[in-house]
Amino acid sequence: MKNIGVLTSGGDAPGMNAAIRAVVRSAIYNGLNVFGIKHGYNGLINGDIKEMNLSSVADIIHRGGTVLRTARCEEFKTEKGLQKGLNVINVFGIDGIVVIGGDGSFKGAQKLADAGIPTMGIPGTIDNDLGYTDYTIGFDTAINTVLDAISKIRDTSTSHGRANIVEVMGRHCGDIALYAGLAGGAESIIVPEEKINTEQICKKILQGRNRGKLHSIIVLAEGVGNAFELEKSIQDKTNIETRVTVLGHIQRGGSPTASDRIMASKMGAMAVSLLLDDKAGLAVGIKGNKIISVDLNDAINSKNYFDKDMYKLAKILSI
Ligand code: ADP
Ligand code: F6P
């Protein structure tokens, strides 16, 4: 192992830069050359690759986004695209690749591993939708961003005596809604993992109002019905003015939290260390505060863990 490549792929996540920094610095510390592959798998296919040095990753640990940029690259899913990538790897003499991204990006990494390229996956996504790891890089920052928004919305919800729906991201995973909802004291949390019960939500709003509650926050995970239809339905059923806030890409940006930076730093260093140990086709993760690694295939196929106890607790605490 002499030359390694690093890329970020899929949706960006705060803390990706900290992971890149850890990969680059620990690789150089161990005598490796590091190549930054730009724009995810697009850069691999097109040879958009530059050698990195210690200064390439200076002043980035606190920045959101990714200095390597990111992309979704359909071509890499095809046999032809993969072959183009393999040719470029050959041209640059790259011996191993670290892929920072979500489950889709891991599937690309698995294909490279199957083609004989030692690859390591680092979980970088705000969604926390990879079951083999307790947390993904970016999730903690995203839930804190949502929490900040909920606190602000709660002020105006109280002033007007309204019900406020806050739609959050997470693709098919309710973790952002659940964690931020519990931390923000939301009255209702709607996630893809649990059945939605609009009557129950309305009952809670009215019961709360009757005992003097001035605000009502409903955190809705994207993809579970339509926020604006829910707004209308709540308004019709309760006669309480309702508003929708779709937080959108605000959740993907911002300076990463200490927790995301520390986890990203540990994972980046671990990925390099595994490559140096001649390991291949692994995904790095965290379990109970310990950095672990599992087969990429197992990581991709691991069923996402939804914390039902936490969901129940959020329900109990918001009666
Ligand atoms: P994420 O990594 O955040 O889950 P995506 O699912 O959009 O994001 O995947 C990111 C990129 O990973 C895709 O645009 C594509 O380049 C690559 N990818 C996804 N699935 C595959 C696959 N089955 N084979 C090869 N590459 C894939
Ligand atoms: O996977 C991260 C994520 O932010 C999801 O939560 C969301 O559904 C999706 O990406 C949005 O993707 P885009 O980059 O296309 O806006």
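Me: How is the chain divided into domains in this predicted model?
Reply: Domain 1 takes 3–138 + 256–301, and domain 2 takes 139–253. Taken over C-alpha atoms, their centres are 34 Å apart.

Me: How many residues are in contact between domain 1 and domain 2?
Reply: On the domain 1 side there are 18, and on the domain 2 side 15. About 1,300 Å² is buried between the two domains, with 49% of it on carbon and sulfur atoms. Ile 126, Asp 127 and Asn 128 supply 39% of what domain 1 buries against domain 2, more than any other three residues.

Me: Why do Arg 252 and Asp 12 count as a salt bridge?
Reply: The rule wants a side-chain nitrogen of Lys or Arg within 4 Å of a carboxyl oxygen of Asp or Glu. Here the N to O distance is 2.7 Å, so the pair qualifies. The count between domain 1 and domain 2 is 1 salt bridge, and the rule also finds 10 residue pairs in polar contact across that interface. By class, the domain 1 side has 6 nonpolar, 7 polar and 5 charged residues.

Me: What makes Arg 69 partly exposed?
Reply: Its relative accessible area is 47%. Buried needs under 20% and exposed needs over 50%, so Arg 69 lands in between. You'll find Arg 69 in the loop between β3 (49–52) and α3 (79–92), with phi near 65°.

Me: What is the phi of Arg 171?
Reply: Near 50°, a positive value in a residue other than glycine. Most residues other than glycine have a negative phi.

Definitions and conventions:
Residues are numbered from 1 along each chain as its sequence is written. Chains are lettered from A and ligands numbered from 1 in the order in which they are written. This is a predicted model: local features need pLDDT of at least 70, side-chain atom pairs count only at pLDDT 80 or more; totals for chains, interfaces and linings use all residues. Side-chain values use heavy atoms; hydrogens and water are left out. Domain bounds come from an automatic or database domain assignment. Contact means heavy atoms within 4.5 Å. Buried area is the accessible area (1.4 Å probe) that two parts lose on being put together, summed over both. A polar contact is a pair of N or O atoms within 3.5 Å; within protein, one must be able to donate a hydrogen and the other to accept it, and residues adjacent in sequence count only if both atoms are side-chain atoms. Ala, Val, Leu, Ile, Met, Phe, Trp, Tyr, Cys and Pro count as nonpolar, Asp, Glu, Lys and Arg as charged, and the others, Gly among them, as polar. Helices (H or I, at least four residues) and strands (E, at least two) are DSSP runs, numbered from the N terminus. Buried means under 20% relative accessible area, exposed over 50%, partly exposed in between (1.4 Å probe, protein chains only).
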